[in-house]
Amino acid sequence: MRKNIFWFLMISFLFASCSETVEQFDRRLTKKYKKKGFKSDVLEKDGHSIFYYDNNKKDAPTLVFIHGFGGDGKISWADQAKAFKDDYRVIIPDLLWFGSSYSTKTPSLKTQTEAIHILLESLSISNAHIVGISYGGFVAIDYAHTYEDDLKSLTIVNSPGAVIEDAEIDKFCDRVGVRDVKEAFIPKKGSDVKRLLEFSFYHPPKIPHFLMEQVKEQYFSKHPEQQASLLDELPSNRNRLHGPVEVPTYIIWGLEDHVFHV
């Protein structure tokens, strides 16, 4: 995805004014999803507005990708959408208060999990493979505990679940030079986005400095108060995330993960 981001932005820059380069990039990425056979839709139910992509391959097993903290589903899983679209029904939602999803409910891990369940239930899907990365991994683990009978398998990517300790969070904040995790994950200016990309990627995408503010506006500025509440509330979920998961589970972890050390 790193190279894709760089070249998309460079191509967009050639065809757009400086003030709309990132917006052009996002539109081009949307078109790529459409070319791959994906359609976007919004489910309005129980106070939730859940935006998602679906390739509607209803005769294939279902694979659900849950993104991490920041950005949206579309930008997080573009490579995986391409890789799995022929063999799976691929569903990529935006988590609540990210991308184009929103809710009137209280921001919490439980609310995120229930929203994913409402979405799959509305699509008559009861036997899905779920993949969650980072914060999305917390949501996926909680889903496995809460709706175990609805899962075929669980894949966790760089997400510690109940294992994470407060001391480890403090070490992370020291490493990246912030006072708390909200400062790290909810950027307020372009330089904050640069810092976030540097600790989120082993090889950060080469985005010109003058575009960082646009990246913030496009992907990180929609619901900062609710996102802050999600981060404040997350440590209280250790008991929800604790305990064995009975479905087949696969764990993927990068040796160079700067957020959660392997």
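Analyst: Happy to! Helices (H or I, at least four residues) and strands (E, at least two) are DSSP runs, numbered from the N terminus. Ser-124, which follows helix α5, has a positive phi near 60°. The model is predicted, so local features need pLDDT of at least 70 and side-chain atom pairs pLDDT 80 or more, while totals for chains, interfaces and linings use all residues. Residues are numbered from 1 along each chain as its sequence is written, and side-chain values use heavy atoms, leaving out hydrogens and water.

User: What span does helix α5 reach from its first C-alpha to its last?

Analyst: The expected span of a helix is 1.5 Å times one less than its number of residues. Helix α5 (residues 109-122) has 14 residues and reaches 20 Å, close to the 20 Å expected.

User: How many residues of α5 are buried?

Analyst: Buried means under 20% relative accessible area, exposed over 50%, and partly exposed in between (1.4 Å probe, protein chains only). In α5, 10 of the 14 residues are buried, so this helix is largely enclosed by the rest of the structure. Among them are Leu-109, Gln-112, His-117 and Leu-120.

User: How many bridges join strands β1 and β2?

Analyst: Two strands pair if DSSP finds at least two bridges between them. Here 7 bridges join β1 (residues 39-45) to β2 (residues 48-54), and the two run antiparallel. Glu-44 stands opposite Ser-49 in β2. The hairpin has 2 residues between the strands, and Asp-46 takes a positive phi near 55° there.

User: How many salt bridges does the structure hold?

Analyst: Side chains of opposite charge can pair when their charged atoms come close. A salt bridge is a side-chain nitrogen of Lys or Arg within 4 Å of a carboxyl oxygen of Asp or Glu. The structure holds 15 of them. In one, the closest N and O atoms of Lys-74 and Asp-72 are 3.8 Å apart, and both residues are buried. Asp-26 is linked with Asp-72 and Lys-74 in a network of salt bridges.

User: Is Arg-179 buried or exposed?

Analyst: Arg-179 is exposed, with a relative accessible area of 75%. Its side chain meets that of Glu-183 in a salt bridge (3.2 Å, N to O). Glu-183 is partly exposed, at 25%.
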